[in-house]
Amino acid sequence: MFIMKRQDVVYWEDFEKELFKKPGFKEAAEETRLEYEIARALIKARLEKGLTQAEIAKRMHTKQSVISRVENARTMPSLAFLKRLAGVLDASLQVQFKF
């Protein structure tokens, strides 16, 4: 028999605060910040266009798993990939340096 226990609700903000208290987490988060920002931008654009990962992959002539890896911040896409993605999304690609 499978019994589920009721869990308390954990809010992201509280969870995030606890994560940043862990040794090395802040440094690790900073190292992957760019991948995370790219992932968020892709997910947002894809959802706004009403497209699935599979639809984007088909239009880019790649596999759905490639799109998934980018959306999960597990890879750093090349500039060529991002240009193709912008074309598929009918969007402009902007790269900038912030100081």
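**Core**

I looked up the largest nonpolar core first, and it has 13 residues. A core here is a set of buried Ala, Val, Leu, Ile, Met, Phe, Trp, Tyr and Cys residues joined through side-chain atoms within 4.5 Å. Buried means under 20% relative accessible area, exposed means over 50%, and partly exposed lies in between (1.4 Å probe, protein chains only). I noted the residues with the most contacts inside this core: L42, I56, M60, I67, F81, L85 and L89. Helices α3 (33-49), α4 (53-60), α5 (64-71) and α6 (79-88) each give two or more residues to the core. The largest share, four residues, comes from α6. Helices are DSSP runs (H or I, at least four residues), numbered from the N terminus. In soluble globular proteins, nonpolar side chains tend to be buried together.

The model is predicted: local features need pLDDT of at least 70 and side-chain atom pairs count only at pLDDT 80 or more, while totals for chains, interfaces and linings use all residues. Residues are numbered from 1 along each chain as its sequence is written, and side-chain values use heavy atoms, with hydrogens and water left out.

I then took F81 from the core list. F81 touches M60, V66, I67 and V70, not counting residues up to four places away in sequence. Contact means heavy atoms within 4.5 Å.

**α4 against α6**

I checked the axes of α4 and α6. They come within 10 Å and cross at roughly 110°. Axes are lines fitted to C-alpha atoms, for helices over the stretch in contact, with angles from 0 to 180 degrees between N-to-C directions. The two helices α4 and α6 are therefore roughly perpendicular (65 to 115 degrees). Their crossing is right-handed, that is, the near helix is turned clockwise from the far one by less than a right angle. From α4, the contact uses I56, R59 and M60; from α6, it uses F81, R84, L85 and V88. I sorted these residues by class and got five nonpolar, no polar and two charged. For classes, Ala, Val, Leu, Ile, Met, Phe, Trp, Tyr, Cys and Pro count as nonpolar, Asp, Glu, Lys and Arg as charged, and the others, Gly among them, as polar.

**α3 against α5**

The axes of α3 and α5 come within 8 Å and cross at roughly 120°. On the α3 side I listed I38, A39, L42, I43 and R46; they meet I67, V70 and E71 of α5. This contact has six nonpolar, no polar and two charged residues.

**Loops**

I looked for positive phi outside glycine. H61 has phi near 60° and sits in the loop between α4 and α5. H61 is exposed, at 74% relative accessibility. A73 has a positive phi of about 55° and lies in the loop between α5 and α6. A73 is partly exposed, at 26%.

I found E35 in helix α3. E35 is buried, with a relative accessible area of 16%. Leaving out residues up to four places away in sequence, E35 touches A73, T75 and M76. F99 is in the segment after α6 and is exposed, at 98% relative accessibility. E35 and F99 are 64 residues apart in sequence and 19 Å apart in space, C-alpha to C-alpha. I also checked F99 against K17: they are 82 residues apart along the chain, with C-alpha atoms separated by 26 Å.

Technical notes. Parallel < 35°, antiparallel > 145°, perpendicular 65-115°, else oblique.
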